[in-house]
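Hi everyone, thanks for coming.

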Amino acid sequence: MEEARQEPGAPENFLHGGRFVRACLRRPVDRTPVWFLRQAGRYMQEYREVRKHHTLVEICKQPELAAEVTITAAEKLGVDAAIIFADLLLPLEAMGLPFEFQAGEGPVVHHPVRTAEDVRALRTDRGAELEYVGRAIEKVAAHFRDRIDVIGFCGAPFTLASYMIEGGGSRNYVETKRLMYRDPTAWGGLLEKLVTVLTGYCRLQVQAGAEAIQIFDSWVGSLSLSDYREYAFEAAKRLVRAVQEMGVPVIYFGVETAGLLEQMAATGADVIGLDWRQPLDVAWRAVGQGHAVQGNLDPITLFAPVEILELRVREILRAAGGRAGHIFNLGHGIVPGTPVEHVQAVVRMVKEYRG
Ligand code: CP3
């Protein structure tokens, strides 16, 4: 039944959504929708205030706070979509792998997965623990109603596996690739468990009101095309299809993916998220016109003078050429120290752009 789906985003299945969701489905829109990866974060004063009193994980686990942070950022910027405030790593805890964010070091998983035995010990029956994300989405959806769209998200199996195995961020992914090459059975078992948990996690987000799901395969660009095909693609594809069956479009995003785009599009994702290393039109050709694209401003361009920023924003809009199915975004997340006025200026530029 899944295989019968030739085109991404069979429209009659998708019931909700405004300008952003329409663009995900390559339907005509009055103007290009815009939102930003990491639009709620430390570059924003209001977020830093909340962070003075709560840890990142506390914010995620208190629906009232997570909703507030999500809503404040989206309203301050005037974007067309609000991504729920959560973190990629939350499902790890529900799988029996506790982690913490250590100041200056990023996430640390205390007992990384290294053996088949470790994979066997992972839980797949505690997904309900992530309900707090659903409660936060309900609040955000109730707040915005039809004004802007609400995006849920999760990590892709490969990228989450890399955190579980490395125990945190990594430069070379040695432990991840070692397990992948040397114990394909354990690797397959790990991805299988991740697909199960992530499917349930996305379902609870959609049931709570998420109108699209973004799947972050942030570190998949560390793989060669052959290894992507062999070790990561099938699990990503299964997750994409399972989420589409829930009736919402899927955005599939990674960084440094120039060599993988065509294969990533073969997951059937409605939208492919692009980084900034190729011109948008070149990347869109690789993805194929049957998919929408999202991107692709270098987030560090937000530090440039507004005149230069405007040149780059217009270049991207020109490369999109007014074709249905472009969502303006960055090629990766906003970093700390980014001037908020420049992010707001980009929103204005996109809203005012006339071919
Ligand atoms: O506005 C939004 O984008 C929603 C919230 C969001 C967060 N994390 C909150 C957060 C989203 C979408 C994420 C996704 C996420 N988390 C990814 C995928 C996106 C990407 O960047 O490719 C990844 C890899 C993570 C894991 C993660 N979370 C890392 C590596 C770090 C530490 C990095 C750092 O800058 O310290 C985090 C922390 C994190 N998650 C912050 C935020 C706003 C940093 C701010 C804080 O500590 O309060």
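Helix H2 (45-53), helix H3 (56-61), strand S2 (99-102) and strand S3 (106-109) each give at least two residues to the lining of the largest pocket. Helices here are DSSP runs of H or I with at least four residues, strands are E runs of at least two, and both are numbered from the N terminus. This is a predicted model, where local features need pLDDT of at least 70, side-chain atom pairs count only at pLDDT 80 or more, and totals for chains, interfaces and linings use all residues. Residues are numbered from 1 along each chain as its sequence is written, and side-chain values use heavy atoms, with hydrogens and water left out.

A pocket is an open set of points on a 1 Å grid over the protein atoms alone, where a 1.4 Å probe fits, with protein on both sides within 12 Å along at least five of seven lines; lining residues have an atom within 4 Å of a point. For the largest pocket, 50 residues form the lining, and Arg38, Arg42, Asp87, Phe101 and Tyr163 lie nearest its centre.

Now the polar contacts, pairs of N or O atoms within 3.5 Å. A polar side-chain atom of Arg42 is 2.4 Å from a ligand oxygen, and a side-chain N or O atom of Tyr47 is 2.5 Å from a ligand oxygen. From the backbone, a polar atom of Gln39 lies 3.3 Å from an oxygen of the ligand.

Conventions:
Polar contact = N/O pair within 3.5 Å; in protein donor to acceptor, adjacent residues only side chain to side chain.
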